[in-house]
Amino acid sequence: MASDPKLVRAKGIIEPILTKYVRTYSAPVADAIPVSKRKFVPTSGTYPKGFLAAGIHVGVKATTKRQTPDLALLASEKPCSGTAVFTKNKFQAAPVTVSRQVLERRSGEGIRAIIINSGCANAVTGKGGLDDASSMARAVDACFQASPDNTTPARQGQGSDMDPSSTLVMSTGVIGHRLPIAKILSAIPTAYSTLSATHDNWLRAAKAICTTDTFPKLLSRTFTLPSSPGTTYSLAGMTKGAGMIHPNMATLLGMLFTDAPIPAKTLQPLLKHAVDRSFNAISVDGDTSTNDTLAFLANGAAGGDPITSLTSEDGKAFTEIVTTFTQQLSQLVIRDGEGATKFVRVRVTNSPSFADAQKIASTIARSPLVKTALYGKDANWGRILCAVGYTDGLSPGAVVPEETSVSFVPTDGSEMLKLLVRGEPENVDEKRAAKILEEEDLEILVDLGGGEGGKGTEEASYWFCDFSHEYVTINGDYRT
């Protein structure tokens with residue numbers, strides 16, 4: 001109801017005329033990307049050899065505009081090593097269950113593709129939802145088997161327990177609704193026939209997995225390895241998400257692809273290491289989705305010796321490359337947080353352990369009071385300290401109040417603003433604090449002083465955004 005309703009007089013009684021607010025938010029209009037977000041969308045890319053992409057319109061959600069793609073297919077010209085990390089939400093979506101089974105039955109080898117739809121999560125949909133996810137995988141498998149370029153011998157019963165599918169499945173959208181599976185299955189051959197290695201196709205696939213995202217999230221890069229400096233490898237990744245973001249094993253939906261040679265048994269610990277420092281270190285709203293999946297495929301098409309150990313020189317180099325890459329990719333989700341006006345990094349230093357530092361950073365990132373204070377440009381450092389103090393599961397002596405310091409670190413390179421130093425509050429320059437908080441980017445530094453005994457040197461970072469009025473509006477209207 002409006003705060004100043006018009007009044008009418010009827011039979012001597014003053015009555016308000018009720019009016020309804022029209023609620024709007026910044027989701028793209030006619031597929032337009034907000035001006036402030038266009039800098040995050042690549043105009044070109046360097047994609048791994050042997051991988052192809054496609055994005056087409058199916059109409060999974062009845063309200064999806066005809067020109068908007070909502071079915072993506074990513075495929076390799078040769079069988080890949082593959083691995084994935086999945087949500088820990090107990091209500092795991094059908095595609096999560098199906099994809100996990102594919103990887104387990106194949107021991108992470110012989111993977112060919114990932115099929116993804118947006119507009120419907122296929123979560124909490126019972127046995128029918130599992131059948132739908134499996135049928136999507138089998139439909140992609142059938143395309144490979146029918147292709148004249150197929151180098152894998154056709155075998156009877158493709159997709160059965162004896163001969164498991166080679167396709168991973170992902171879905172995103174509204175929970176509790178069945179997929180329009182007939183539409184999707186009839187469109188998969190079209191997606192397969194339009195597969196291409198062009199940048200436009202990769203970008204269209206990235207657009208196809210979006211829901212409330214205001215821009216597609218796609219990155220690519222090249223790299224070399226110590227053992228073969230003359231060989232150029234490529235790494236590409238895409239992700240989607242703007243809300244229901246606080247992962248606990250993976251996040252939203254994400255895919256990584258490389259033409260470097262690395263077997264599944266080495267790929268799995270590498271992905272976990274990278275995810276713990278990237279996709280498991282972001283938060284928009286503290287909610288963990290039913291569909292969270294991050295998959296990594298490697299086809300070895302660029303050649304070279306396989307990376308069989310993460311402790312080798314190649315293994316160490318590749319781990320650092322993938323970790324940095326996943327951090328950059330995951331941070332695009334925070335840049336697109338629903339209703340967000342701030343991009344914040346919280347860094348916890350001089351902790352007795354990485355786990356303690358990460359738990360504290362996560363708690364700060366999830367605090368509604370911290371997030372709303374940042375939206376209001378209020379340097380209320382007491383809320384940050386409060387979150388440090390109530391963090392669960394810390395080791396004894398991890399936090400010593402008399403040794404703890406809190407500062408704002410401006411992103412323009414100017415001197416940090418100290419708010420609390422070894423448990424003692426500073427005389428804060430509120431004008432400077434307000435100026436720092438006017439900027440979109442901010443770093444919060446929490447120094448634990450080494451914890452009890454003062455010997456801790458570990459650190460961890462988390463990336464998050466603020467809470468705004470717009471976040472409430474977007475999620476209040478999500479199903480409409």
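This report walks through a predicted model of one protein chain, from the overall fold down to single residues.

## Ground rules

Since this is a predicted model, local features need a pLDDT of at least 70 and side-chain atom pairs count only at pLDDT 80 or more, while totals for chains, interfaces and linings use all residues. Residues are numbered from 1 along each chain as its sequence is written, and side-chain values use heavy atoms, with hydrogens and water left out.

## The whole chain

Let's start with the big picture. The chain has 11 helices and 17 strands. Both kinds of element are DSSP runs numbered from the N terminus: helices (H or I) have at least four residues, and strands (E) at least two.

Of the 480 residues, 54% count as buried. Here buried means under 20% relative accessible area, exposed means over 50%, and partly exposed is in between (1.4 Å probe, protein chains only). Now for contacts, meaning heavy atoms within 4.5 Å. Among contacts between residues at least 6 apart in sequence, 79% join residues at least 24 apart.

## Two helix pairs

Two packed helices are described by the angle between their axes and the distance between the axes. Axes are lines fitted to C-alpha atoms, for helices over the stretch in contact, and angles run from 0 to 180 degrees between N-to-C directions. Angles under 35 degrees count as roughly parallel, over 145 as roughly antiparallel, 65 to 115 as roughly perpendicular, and the rest as oblique.

Take helix H1 (residues 94-106) and helix H2 (residues 126-146): their axes are 8 Å apart and the packing angle is about 50°. H1 and H2 are therefore oblique to each other. On the H1 side, the contact is made by Ala94, Pro95, Thr97 and Val98, and on the H2 side by Gly129, Leu130, Ala133 and Ser134. Sorted by type, the residues of this contact of H1 with H2 are 5 nonpolar, 3 polar and no charged. For that sorting, Ala, Val, Leu, Ile, Met, Phe, Trp, Tyr, Cys and Pro count as nonpolar, Asp, Glu, Lys and Arg as charged, and the others, Gly among them, as polar.

The second pair is helix H7 (residues 354-366) with helix H9 (residues 381-389), whose axes come within 8 Å and cross at roughly 135°. H7 and H9 are therefore oblique to each other, and H7 passes H9 in a right-handed crossing. Ile360, Thr363 and Ile364 of H7 meet Ile384, Ala387 and Val388 of H9. The residues of this contact of H7 with H9 split into 5 nonpolar, 1 polar and no charged.

Valine 124 sits in the loop between strand E5 (109-120) and H2. Most residues other than glycine have a negative phi. Valine 124, however, has a positive phi of about 55° although it is not a glycine.

Threonine 125 is in the loop between E5 and H2 too. With a relative accessible area of 15%, threonine 125 is buried. Its side chain makes a polar contact of 2.7 Å with the side chain of asparagine 122. (A polar contact is a pair of N or O atoms within 3.5 Å; within protein, one must be able to donate a hydrogen and the other to accept it, and residues adjacent in sequence count only if both atoms are side-chain atoms.) Not counting residues up to four places away in sequence, threonine 125 touches Ala94, Gly176, His177 and Arg178.

## Residues with charged side chains

Aspartate 276 belongs to helix H5 (residues 264-276) and is buried, at 19% relative accessible area. A polar contact of 2.9 Å links its side chain to that of lysine 272. Leaving out residues up to four places away in sequence, aspartate 276 touches Ala281, Phe354 and Gln358.

Lysine 455 is in the loop between strand E16 (441-447) and strand E17 (458-465), and counts as exposed at 73% relative accessibility. Lysine 455 and proline 352 are 103 residues apart in sequence, but 6.9 Å apart in space, C-alpha to C-alpha.

## Around glutamate 403

Glutamate 403 lies in the loop between H9 and strand E13 (405-409), and is partly exposed at 26% relative accessible area. Not counting residues up to four places away in sequence, glutamate 403 touches Arg422, Asp447, Leu448 and Gly449. Arginine 422 itself is in the loop between strand E14 (417-421) and strand E15 (424-425), and its phi is near 45°, a positive value in a residue other than glycine.

Key. A crossing is left-handed if the near helix is turned anticlockwise from the far one by less than a right angle, and right-handed if clockwise.
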